[in-house]
Amino acid sequence: EEVECEGPKMECVLEIPTRGRIVTLTSYSPPFGSLDYILYTTERKHYAIIGFNPKSKEVETKASGSLSESVGREKKGEPLCIVDSQAKMVIFHFYDGFLKIMPLCPRAGIIRDADAFN
């Protein structure tokens, strides 16, 4: 049975290529700005933070990197990615018994890889 929807229809306004299958997707508001960022991870344990640049009218990669570890067993079920409510850190759960915590830079709103810990 077909169902017709009335009202405005969603249109695709932008398509962005990614390298890999996205397994988590979350948005957050950096404390400094008015536009949100999108953080996603892929099944190969890479992450990217993207945001819209209103001047150039393009989506820009703000940060990217790898979350893979040489030790640990992959967790069963879906991976988790959580940004705390004040956008101070990101918590990832890809491996049994391990949480990866990565601080966000307060001025830029992006991950500081050097300060990450398990």
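1. Lys100 is buried in this predicted model, with a relative accessible area of 15%. The value falls under the 20% limit that defines a buried residue. Its side chain meets that of Glu69 in a salt bridge, with an N to O distance of 2.4 Å. Glu69 lies in the loop between β4 (58-66) and β5, and Lys100 in strand β7 (residues 98-103), so the pair ties together parts that are 31 residues apart in sequence. Glu69 is partly exposed, at a relative accessible area of 27%.

2. How many salt bridges does a search of the whole structure find? The search returns five. One of them joins Arg21 and Glu43 through their side chains, at 3.2 Å from N to O. Because Arg21 belongs to the segment before β1 and Glu43 to the loop between β2 and β3, this pair ties together parts that are 22 residues apart in sequence. Glu43 is partly exposed, with a relative accessible area of 43%.

3. A further salt bridge is formed by Arg73 and Asp96, whose closest N and O atoms are 3.0 Å apart. This pair links distant parts of the chain, with Arg73 in the loop between β4 and β5 and Asp96 in the loop between β6 and β7, 23 residues apart. Arg73 is exposed, with a relative accessible area of 60%, whereas Asp96 is partly exposed, at 30%.

4. The largest nonpolar core has 17 residues, of which Tyr28, Leu39, Val83, Val90 and Phe92 touch the most other members. Two or more residues come from each of β1, β2 (37-42), β3 (46-53), β5 (80-83) and β6 (89-95). The element that gives the most to this core is β6, with four residues.

5. Leu39 illustrates these contacts. Residues up to four places away in sequence being left out, Leu39 touches Thr24, Leu25, Thr26, Tyr28, Tyr47, Ala48, Ile49, Cys81, Val83, Val90 and Phe92. Among these partners are Tyr28, Val83, Val90 and Phe92, which are also named with Leu39 as the core residues that touch the most other members.

6. Which residues of β5 make up the covered face, and which the uncovered one? Cys81 and Val83 form the covered face of β5, while Leu80 and Ile82 form the uncovered one. In a regular strand the side chains alternate between the two faces of the sheet. Strands β5 and β6 run antiparallel and are joined by four bridges. Within this pairing, Ile82 stands opposite Ile91 in β6. The hairpin of β5 and β6 has five residues between the strands, and Ala87 there takes a positive phi near 55°.

7. Asn53 is a residue of strand β3. Is Asn53 buried or exposed? Asn53 is buried, with a relative accessible area of 18%, a value under the 20% limit. Apart from neighbours within four places in sequence, Asn53 is in contact with Glu58 and Glu60.

8. The surface also carries nonpolar side chains. Val13, Leu14, Ile16, Leu35, Phe52 and Val59 make a nonpolar surface patch of about 550 Å². One of these residues, Leu14, is found in the segment before β1 (22-28). Arg21, which takes part in the salt bridge with Glu43, also lies in the segment before β1.

Methods. Residues are numbered from 1 along each chain as its sequence is written. This is a predicted model: local features need pLDDT of at least 70, side-chain atom pairs count only at pLDDT 80 or more; totals for chains, interfaces and linings use all residues. Side-chain values use heavy atoms; hydrogens and water are left out. Patches are made of residues with over 30% relative accessible area and no salt bridge: like charges are joined within 9 Å, nonpolar side chains (Val, Leu, Ile, Met, Phe, Trp, Tyr) within 5 Å. Accessible areas come from the Shrake-Rupley method with a 1.4 Å probe; for residues, only the protein chains shown count as cover. A salt bridge is a side-chain nitrogen of Lys or Arg within 4 Å of a carboxyl oxygen of Asp or Glu. A nonpolar core is a set of buried Ala, Val, Leu, Ile, Met, Phe, Trp, Tyr and Cys residues joined through side-chain atoms within 4.5 Å. Buried means under 20% relative accessible area, exposed over 50%, partly exposed in between (1.4 Å probe, protein chains only). Contact means heavy atoms within 4.5 Å. Two strands pair if DSSP finds at least two bridges between them.
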